[in-house]
Amino acid sequence: HRGTLAPGRILQLQPTYAIVQDDITRTHWKLSYAAIVADPAQHVERTPQPPPQRTDMSAFKLGDTVSFTDKHLRERIGTITRMNAKTCSLICDGEQWRVSPALLRKIIDL
């Protein structure tokens with residue numbers, strides 16, 4: 001209502017908006033995330049995490065047991081049955097899958 005930035009605290013986060021309490025008037029506001037401006041003075045400096053290393057084709061061989069995450073974010077475990085230039089063919093629970101080796105993780109059976 002004031003047309004200026006006002007300090008406040010986030011009370012609750014929802015999928016498309018946040019409920020914010022105005023520090024001056026103590027009123028609650030339902031704001032979209034685009035309307036919230038973070039205070040740069042309170043910014044905590046974080047060290048960037050290095051990106052995960054990509055696995056190349058030479059790390060795998062036929063018969064290896066590997067895992068990957070499918071498009072529905074389910075963890076799949078299978079055995080490599082064929083290796084092409086860009087993909088590996090796997091058998092997972094009786095289903096055939098073609099997966100990039102960059103998405104595969106080797107399973108070590110102890």
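**Entry 1: salt bridges**

A salt bridge here is a side-chain nitrogen of Lys or Arg within 4 Å of a carboxyl oxygen of Asp or Glu. I am working on a predicted model, and I started with Arg9 and Asp23, which form a salt bridge with their closest N and O atoms 3.9 Å apart. This pair links distant parts of the chain, 14 residues apart: Arg9 belongs to strand E1 (residues 8-13), and Asp23 to the loop between strand E2 (17-22) and strand E3 (28-32). I looked up accessibility too: Arg9 is exposed at 55%, while Asp23 is partly exposed at 26%.

How many salt bridges does the rule give? I count six.

Next I checked Asp70 and Arg74, whose side chains meet in a salt bridge at 3.4 Å, N to O. Buried or exposed, I wondered of Asp70? Asp70 is buried, because its relative accessible area is 5% and the cut-off is under 20%.

Then I turned to Arg105 and Glu75, which form a salt bridge with the closest N and O atoms 2.3 Å apart. Here, too, distant parts of the chain are linked: Arg105 is in strand E8 and Glu75 in strand E5, 30 residues apart. Both are partly exposed, Arg105 at 37% and Glu75 at 49%.

I also noted a network of salt bridges that links Lys61, Asp64 and Lys106.

**Entry 2: the sheet**

In what order do the strands of the open sheet run? I read five strands as E7-E6-E5-E4-E8, with antiparallel pairing. The edges are strand E7 (95-99) and strand E8 (105-106), each pairing on one side only. Inside the sheet I followed E4 and strand E5 (residues 75-83), which pair in the antiparallel sense over five bridges. As a spot check, I found that Ser67 has Ile77 in E5 as its bridge partner.

**Entry 3: the core**

Which residues make up the largest nonpolar core? I listed 10: Met57, Phe60, Val66, Phe68, Ile80, Cys88, Leu90, Cys92, Val99 and Leu104. Two elements give two or more residues to this core, strand E4 (65-69) and strand E6 (88-92). E6 gives the most, with three residues. As a reminder to myself, nonpolar side chains tend to be buried together in soluble globular proteins.

Last, I looked up Met57. Leaving aside neighbours within four places in sequence, I found Met57 in contact with Met83, Asn84, Ala85, Lys86, Thr87, Cys88 and Pro101. One of these, Cys88, is a member of the core along with Met57.

Key. Residues numbered from 1 in each chain as written. Predicted model: local features only at pLDDT ≥ 70, side-chain atom pairs only at ≥ 80, totals over all residues. Heavy atoms only, no water. Core = buried A, V, L, I, M, F, W, Y, C linked by side-chain atoms within 4.5 Å. Buried < 20%, exposed > 50% of the residue type's maximum accessible area, 1.4 Å probe, protein only. Helix = DSSP H or I, 4+ residues; strand = E, 2+ residues; numbered from the N terminus. Contact = heavy atoms within 4.5 Å. Pairing = 2+ DSSP bridges.
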